[in-house]
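Thanks for making the time this morning. I would like to walk through one model with you, taking a few places in turn, and I will begin with a single residue before moving on to the helices.

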Amino acid sequence: MQNPYISLPDNAFWKTAVAGRRPREINDLWNPKFEIKKEDVIATAGSCFAQHIGRALKVKGYNWHDSEPAPLLIRLNKEKSDLFNYGVFTFRTGNIYTVALLKQWIDWSLGKTTAPEEIWQSPEKRYYDLFRPNIEPNGFKSATEALKSRQSTLKAIKRSLQKTDLFIFTLGLTEAWINSQAQYVYPMCPGTLAGEFDASQHQFKNFSFLEIYTTLTEVLDTLKNINPRMRFLLTVSPVPLTATASGEHVVTATIHSKSVLRAVAGELTATRPDTDYFPSYEIISAFPFKGVFYAENMRNVLPQGVNFVMNSFFNCQDRVFGAQPELASINKPVAAANASAQTQKMADEICEDALLEAFKK
């Protein structure tokens, strides 16, 4: 008897694709829609995990775009460059955890809306941009300097988007804090990394599926209008929430947040020919992988996990489109446990939301 299941490949069946396989033997989770060429101008933005994608692309010889290269003296010091958020993402915005924040940055850069001049002065007379609270670890010398720096980033974003071939965005969170009077969104709750919390102005917001889907659709359409050849690759961060203000347990809040984001990415991938989804989230967090790629705290992704994800990325591209000439390899074994810890520590320092752990003793 004929039926549609008879001709399906092995990876369509749990028995042949998952059962009896070790986590590292589960592969080919992605059938890419389009080829990513080494000469394509690639921009990355989003949650912490997007940093790993950008680094891997650079190492493999892809044309990852840095819209604001660090000054020479900082560029020569990798640790200092990361500390000041140079070369971490394509844009020097810090982590963009929500789609609402992504839209905000793009709208500001294109002049569709005006960025608020909200700068916080610390007791030590240092100035912090609440939309990039971790961009200068010791703050700026003046509010004018902070605003001037932000304007430089906005100009860099606009220039970069006009020549980007592939925009990779990692969706991280549904939870955010907004200014209830002016209706703009912060990357972090004021009073955590910088600023002062004001319950009369600062409101918790957990964005719904429809809100995120609508906003991200608007973002992608805006980007296509300024650059018709641009394509989009969405990912969802496998990193759980550090803390939740939703009133839920952090586990259920995490599952809710990631499920909504994954559903948004899936819907857009199904309905837009210019948009694809790469399953970094599933490769790290799906239960058949047994959590082997998480550190002991079950939150941070180990360097081995990052390597496995990115090797899967390149292998799937090669399987569908054929291997491109190799300029470098990311298949480097982790030298020692202390090297892994050092690598992970650096990743934590660039993830603003990880600093929320300081508020729970």
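Which residues does Q162 touch, if we do not count those up to four places away in sequence? This is a predicted model, so please keep that in mind throughout. In it, Q162 touches N227 and R229 once the residues up to four places away in sequence are set aside. Q162 itself sits in the loop that runs between α6, residues 143-161, and β4, residues 166-171. With a relative accessibility of 42%, Q162 counts as partly exposed, because that class lies between the 20% and 50% cut-offs.

E124 is found in the loop between β2, residues 119-121, and β3, residues 127-129, and at 59% relative accessibility E124 counts as exposed. Between E124 and L234 there are 110 residues in sequence, and from C-alpha to C-alpha the two are 41 Å apart in space.

Let me turn to the helices, starting with α5, which covers residues 99-110. Is α5 largely enclosed by the rest of the structure, or largely open? Of its 12 residues, 9 are buried, so α5 is largely enclosed by the rest of the structure. The buried ones are V99, L101, L102, Q104, W105, I106, D107, W108 and S109, and the buried residues of α5 pack against α6, β4, β6 at residues 185-186, and α7 at residues 209-226. The length of α5 can be checked as well: at 1.5 Å a residue the helix should span 16 Å, and its end C-alpha atoms are 17 Å apart, which agrees. Just after α5 comes G111, which takes a positive phi of about 80 degrees.

Next is α2, where 8 of the 11 residues are buried, so this helix too is largely enclosed by the rest of the structure. Its buried residues are F49, A50, Q51, H52, I53, G54, A56 and L57, and just after α2, G61 takes a positive phi of about 90 degrees.

How does α2 pack with α10? Helix α2, residues 49-59, and helix α10, residues 303-321, pack at an angle of about 60 degrees, with their axes 10 Å apart. That angle makes α2 oblique to α10, and the crossing in which α2 passes α10 is right-handed. From α2, the contact is made by F49, H52, I53, A56 and L57, and from α10 by V306, V309, M310, F313 and F314. By class, the residues of this contact divide into 9 nonpolar, 1 polar and no charged.

The last pair is α7 with α8, the latter being residues 250-271, whose axes come within 10 Å and cross at roughly 45 degrees. That makes α7 oblique to α8, and α7 passes α8 in a right-handed crossing. The contact is made by F209, I212, Y213, L216, T217 and L220 of α7, together with V260, L261, A263, V264, E267, L268 and T271 of α8. Here the residues of the contact divide into 10 nonpolar, 2 polar and 1 charged.

How values were computed. Residues numbered from 1 in each chain as written. Predicted model: local features only at pLDDT ≥ 70, side-chain atom pairs only at ≥ 80, totals over all residues. Heavy atoms only, no water. Axes fitted to C-alpha atoms, helices over the stretch in contact; angles between N-to-C directions. Helix = DSSP H or I, 4+ residues; strand = E, 2+ residues; numbered from the N terminus. Parallel < 35°, antiparallel > 145°, perpendicular 65-115°, else oblique. Left-handed = near helix turned anticlockwise from the far one by under 90°. Contact = heavy atoms within 4.5 Å. Nonpolar A, V, L, I, M, F, W, Y, C, P; charged D, E, K, R; others polar. Buried < 20%, exposed > 50% of the residue type's maximum accessible area, 1.4 Å probe, protein only. Expected span 1.5 Å × (residues − 1).
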